[in-house]
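Visitor: I would like to go through this model with you. Could we begin with the terms?

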Amino acid sequence: MNRDMRVSIKTVLFLGIAAAIAWVGIRFLIKKPHHDRVNYGHYKLDAIYNKENIIPVIVVGSGPAGLSAALYGARSGFHTVVFEGAKPGGQLMGTSFVENWPGLPKKMGPDLIASLKGQAQEFGAVIVNETIKSIDTKQWPYVLTTENGKTLHALTVILATGATARQLDVPGKDEYFGWDKGISTCAICDAPFYKGKEVFVIGGGDSAAEEAMQLAPYASKITVLVRAKTMRASAVMQDRLKTYPNITVQYNSFITAYKGDGKRMTEVELMVDGKPSKAKLDGVFLAVGHDPNSELVKGVVSLDSAGFVLLKGRSQATSVPAIYAAGDVADHKYRQAGIASGDGIKAGLDAVEFLRMIGFNDAVAAKVEDNLFDAEGGPGRQALSPLKKMADFEKVAAESDLPILLDFYTESCPTCMQLLPTLEILAGEFADQMKFFKVDLMEVPEFQAKYKIVGVPTVLILKKGEDIGRIQKPMPLKDMRSFLEKTLKGGE
Ligand code: NDP
């Protein structure tokens with residue numbers, strides 16, 4: 001090596017070390033080490049004393065994330081209120097057996113939700129069957145409004161709004177979406193209506209495998225349509241699929257259009273191995289992933305490009321202090337009920353830490369006790385009486401001058417379970433104007449033909465035996481209330 005070469009190696013080494021030192025220095029200056037820390041001194045308790053409807057821990061959403069957060073908030077002694085949203089219980093209400101919840105070998109999704117809910121309530125969490133419409137963070141306590149127009153003042157907020165099943169963006173998707181028209185995202189809800197029929201399940205993940213297995217006892221032929229060359233479902237699920245004689249998996253295939261007679265989908269156009277094709281069938285069940293339900297917080301907290309709430313480090317903190325997120329709304333990767341629950345626990349602990357750090361203790365809680373949000377008010381819920389036989393209904397109809405509301409459901413229909421609390425509230429409110437009953441359609445199938453019930457849930461209002469109103473999907477409480485008012489006045 002000559003002298004010139006030695007000099008140039010030294011120069012390169014020197015420049016390299018100098019660049020590294022400069023880079024570390026610049027990063028140190030830019031990073032502001034305390035940037036992410038909450039300035040608790042900013043949240044003065046004086047701001048809460050003149051407020052009404054105060055909620056120290058408000059949870060938006062009632063799946064495993066929301067209910068677990070509520071358990072921790074309430075068990076720590078803070079007044080915790082869960083707003084259930086339009087789909088109480090979330091996605092687990094549409095799951096048959098959950099067999100991967102650690103320590104609990106097998107449990108039905110709705111049963112798991114019921115026990116999470118009961119456990120949170122046991123520690124004092126209040127569950128309200130309402131939906132949050134807006135969150136305003138310009139002032140603290142944050143101002144939240146409900147769909148029924150209530151204004152709430154939240155010291156901390158836990159977002160647990162979950163995710164929603166994705167649709168295929170192809171012609172016919174709006175025309176034929178709905179269990180009564182041919183496209184569904186919930187096999188456990190709608191499978192009984194596909195007895196002896198041919199269906200497609202779209203998707204190659206665990207959800208697709210599960211949907212296919214839920215359909216297997218009913219549909220005559222189930223084709224799982226996978227756009228890729230392989231399924232991404234776990235090996236155990238793929239093996240299980242093979243044990244069903246009426247399930248086949250078709251690869252390299254995807255739907256390009258839904259076709260039908262305007263009322264029902266009757267066939268689909270496809271691409272199979274790159275060639276156009278057609279198939280006649282009775283139903284399509286979608287299992288093509290989910291989108292986060294983050295519309296409520298768009299512009300409120302930071303979201304990633306797909307709309308998932310961005311979290312700070314290993315906490316559940318969002319970009320806004322005292323607002324936390326848990327579960328599928330902030331998780332684009334794992335999307336497991338157990339993880340949502342763990343996230344919920346963390347979010348609950350984060351909220352509790354915030355309250356303690358700002359000095360919200362028993363003495364402060366006692367001072368604002370009269371101003372805390374009270375979920376009661378208005379006539380309470382009233383359970384719907386079950387009708388077990390057609391003869392029971394005929395007797396009630398003959399004796400009653402009031403219109404009769406019949407809620408048709410099946411035990412396995414999560415949407416029906418989500419609708420029931422809304423109907424129970426309305427049964428309380430309309431007790432002197434209408435009689436409310438529920439009918440398990442599997443127990444009394446005669447109703448199906450008599451009142452042309454093609455799926456559940458169906459809410460039917462009869463006046464002197466005549467059909468005066470019908471709803472075939474859950475609605476927010478406010479819309480359902482105005483529907484009943486209009487129906488009673490005689491104009492829908
Ligand atoms: P995934 O994201 O795992 O799978 C979605 C599937 O839909 C993929 O096969 C994807 O295809 C396909 N897909 C996406 N868009 C389209 C489209 N436009 N046309 C056709 N196919 C499309 O979602 P899942 O809901 O199945 O699962 C989410 C998570 O939940 C996973 O972690 C899963 O393990 C878990 N889960 C667990 C269950 C259990 O253990 N019992 C039950 C259900 C879910 P491609 O592969 O080509 O991208």
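Guide: Buried means under 20% relative accessible area, exposed over 50%, and partly exposed in between, with a 1.4 Å probe and protein chains only. This is a predicted model: local features need pLDDT of at least 70, side-chain atom pairs count only at pLDDT 80 or more, and totals for chains, interfaces and linings use all residues. Residues are numbered from 1 along each chain as its sequence is written, and side-chain values use heavy atoms, with hydrogens and water left out.

Visitor: What share of the 492 residues counts as buried?

Guide: In the protein chain, 46% of them do.

Visitor: And how many helices and strands are there?

Guide: The protein chain has twelve helices and 24 strands, taken as DSSP runs (helices H or I, at least four residues; strands E, at least two) numbered from the N terminus.

Visitor: Turning to helix 9, which residues are buried?

Guide: In helix 9, residues 390–399, these are M390, F393 and V396. They lie on the same side of helix 9 because they cover an arc of only 125 degrees around the axis, the arc being that of the directions from the helix axis to the C-beta atoms.

Visitor: What is exposed on the other side?

Guide: K395, A398 and E399 are exposed there.

Visitor: What covers the buried residues of helix 9?

Guide: The cover includes strand 21 (404–409), strand 22 (435–440), helix 11 (446–450) and strand 23 (458–463). Contact means heavy atoms within 4.5 Å.
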